[in-house]
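Reader: Could you take me through one part of this model closely? I would like to look at where two chains meet.

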Amino acid sequence: MLSILTTVGIIAVLVTETYSFFQMAAVEIAKRDAAEVAQVSAVARSKTTEARSNGKDAPGDLPEEGEAVAKPVVEAAVPQPSMRRAFLEFATGTEWAPQFAEKHFGILPLLCGTLLVAGIASLIGIPIGLASAMYLSEYATPRTRSIVKPILEVLAGIPTVVYGYFALVFITPYLLRPIFSSLLGFEVDVYNAASAGVTVGIMIIPTISSMSEDVLRAVPRGLREAAYGLGSTKFDVSVRVVLPAALSGIFASFLLAVSRAIGETMAVTIAAGQNPQLTLNPFLAIESMTAYIVNVSMGDTPAGSVEYTSIYAVAMTLFLITLATNILSQVVLRRFREVYQ
Amino acid sequence: MSQEVSGRSDWPKPKVPLVVVLRNQFGRAFEWICLASTWVGMVVLVVLLASVIWKSWGWLSWDFLSHFDSFRPQRAGILAGIWGSLWLILLTTLISVPVGVGAALYLEEYAKGTWLTRLIQINLSNLAGVPSIVYGILGLTVFVRMFGLFGNNTVVDANPFSVTGRIPLPFGSTIISGALTLSLLALPVVIVATQEALRAVPSSLRHASYALGATKWQTIRHQVLPAAMPGISTGVILAMSRAVGETAPLVMIGIPTYLAATPGDISNVKDLVTNPQALIDVPFSMFTALPMLIYNWVRQPREDYRSLAAAGIVVLLVFLMVLNSVAIYIRQRFQKQIRW
C-alpha cells in the first residue's frame, strides 16, 4: 500500500535528479565556455581541455559562428564559470553543438525542431481528430461507432517505431515527394520535419477523437432537443450548441495531444533526422529534443561528460514543457467545465 | 409568383428559402467532411499495414524467426529480440501488476479523501503524460547506473553472462533494469485502469458483504476483486501491449542493438525444462528487444534492412494483436457472466 508513495517518490527523484544534473550540466557549460573564451582571446592555449573527437556522423560544416556569438569581453585569462551565463546561453543560444570540439549549448534549435514537428502534427491531427469525434458522437449510428472505435484503438496501439518506419518508407517518398517536390518544387530531404509531423499528427488522432467524443457525448440530450425545437439544423446543433458546451473538454484533449506530440520520440527520431538547426522550413532535416537524447545515448558517450549531462538538461526542458501542458489541460478542464444537471 | 396565385385547389409546393437550402447543403457537406476525416484513420491503418506487409514479403520465414541478428541482411533473424521482449514483458507484468493493483486498491478502498490522496491522484494523471523517454532517463540513472554509487561507471557491464546467483549491483543494461523502467512507465496506466474497474463495482455488493459480517479485507478479497477482475485484466493487458512496443526507454537504458545470445541462453522451450538454473540468470543478463532491432534496422540506409525492419514489424504487430485479442476476449467473456 505504500506503493503509491513510491509513485510520488518517482516524480520527486525525477525532478531532483534531472535538476541536479541540469545544474551539473550548467557548470560544465560554463567550464567549456570558459575554455572557449580563453581560446578566442588566445591567451591560454594550453588551457583548452580535451578537444573531444566527435563520433557522430553529424554534417561536416563545423560551426563557424563561434566568433559571431556575442561574447562579453573577459578581463581575466581564465574566466570564472558562471551558472547564470551558462543558463542564459542554454535558454537563448541559437546553436546546439555539444558534440563538436567547439561546443555550443543553445537549446533553441532543438526546441524549434520539436515545436515545428508538434505544430505540423497539431495542424493535421486536431482538425481530423475533432471532425471524427463530431462524426462519431453526432452523426454515426451505434453500429458504425462500434466498428470505428476499435479501429481507432488499434491505431493508438501501434508502437511508435512502426510509425517512424512508416514516415521514412512511405510518407516521405510516396506522399511528400510527389506533392511538394515534383509539383511545387520544394527541396525535400530524406529526413524531414514534415514527414515526422504528419506521422505524429496521425498518431494523435485517436487521442483527440476518443477524448473529444466522450466529452461531446456527455453534453445532455436536452440541450440538443431544445436547439432542434427552435428549428436548428443538425449542423447548427452540432457546431453552435454541442461544440461550445463541450469546449473545455475538447481543448483539454488538444493540449494533451500536443504534449504527446512534443514528447513523441521514436517516430521523430527516425523521420526527422539529426541536424539541429533553427529553421521553419518543414522539408529540411531537423533534430528535436527527444531525438537528440536518443542519438546521444545510441552513441557511446562516457558517463559524466558534457554530452552525457546535456541530455539531462534537455530532458528537464522536455519534462517541464510537457508537465506544463498537462497541468494546463487539467486546469482548463476543471475551470471552464460547464456543469449540467 | 405563379405558385402563389394558383390558390387552394392543389397544395403549393412550399417554397424553401435559399438560405435554408444553402444551410442544409452546408450541413450535409459538414457531415461528409466529418465522415471523411473519420475514414482517414482507417485508410492510414490499411495503408500502413499494406506497405509493411508488402515490404516484408519474402523476408518473413522460419529462418528469420529462429536466427540471431547478422550483419548480412539475408541471414539476420530476430530470435534474441523475441526472447528478450518476452522476458521483458513477463518481468514487467510481475512487477507492475501487484504494485499497481495494490496502489489502486489503497486509493479506492482505504484512502480517505484527504489532500494527500488528491495530490496523488493529480500526480498520477501527470505521470501518465510524461514522455516515455524521460522515464528512460530515469531508468538509466536509477537502475542502470544506480547513481554511480557502486563505482562501476562503464556503460556496458563487463561480463554479464556468467552471472550465476550473483547480482551485479549497478544493474547495467539488463532485463531487470528494462523491466523496472517499463514498470514505472506502465504503473500509472495500470493504476488508473484498476481504479476505474474498482469504481465500477456497485457499492451494494460491498454493503451486502459487510452486512453478512465480512471484514474489509474479506470483502475486497472475495467480492470486490473478483468482480473487478475483467476490468483490471483488460487494463493490464493494454498497458503491457503498450509497454512491449516502447522503444525510447530501451534505447535510453542502453541495451545493445546487436546481440547473439538469448537471456540466460534459453533459446527454446526445451532449455527451460532441462536447465532451470538458467532462469536465475535471466533477469541479470543482457538482452535486446524486438522494437530495438526494428529501430536499428530502420536506421540503416540499405534497402534490405528496410525489408528486415518490415518483417520485424509484422512479428511485433502480430504479437500485439494476440495480446489485444486476449484482452477483448476477456472483456467479452466476463461481461456476459457478471450481471447486476
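How many residues of chain B are in contact with chain A, and how many of chain A with chain B?

Author: Happy to! This is a predicted model, in which local features need pLDDT of at least 70 and side-chain atom pairs count only at pLDDT 80 or more, while totals for chains, interfaces and linings use all residues. Residues are numbered from 1 along each chain as its sequence is written, chains are lettered from A and ligands numbered from 1 in the order in which they are written, and side-chain values use heavy atoms, with hydrogens and water left out.

To your question: 68 residues of chain B are in contact (heavy atoms within 4.5 Å) with 66 residues of chain A. Together the two chains bury about 6100 Å², with 79% of it on carbon and sulfur atoms; buried area here is the accessible area (1.4 Å probe) that two parts lose on being put together, summed over both.

Between the chains the count is 1 salt bridge, meaning a side-chain nitrogen of Lys or Arg within 4 Å of a carboxyl oxygen of Asp or Glu. Its partners are Arg23(B) and Asp236(A), at 3.7 Å from N to O. Among the elements giving two or more residues to this side of chain B are helices H2 (18–56), H4 (79–110) and H14 (303–337); helices are DSSP runs (H or I) of at least four residues, numbered from the N terminus. H2(B) supplies the largest share, 20 residues.

By class, the side of chain B that touches chain A has 45 nonpolar (Ala, Val, Leu, Ile, Met, Phe, Trp, Tyr, Cys and Pro), 6 charged (Asp, Glu, Lys and Arg) and 17 polar residues (the others, Gly among them).
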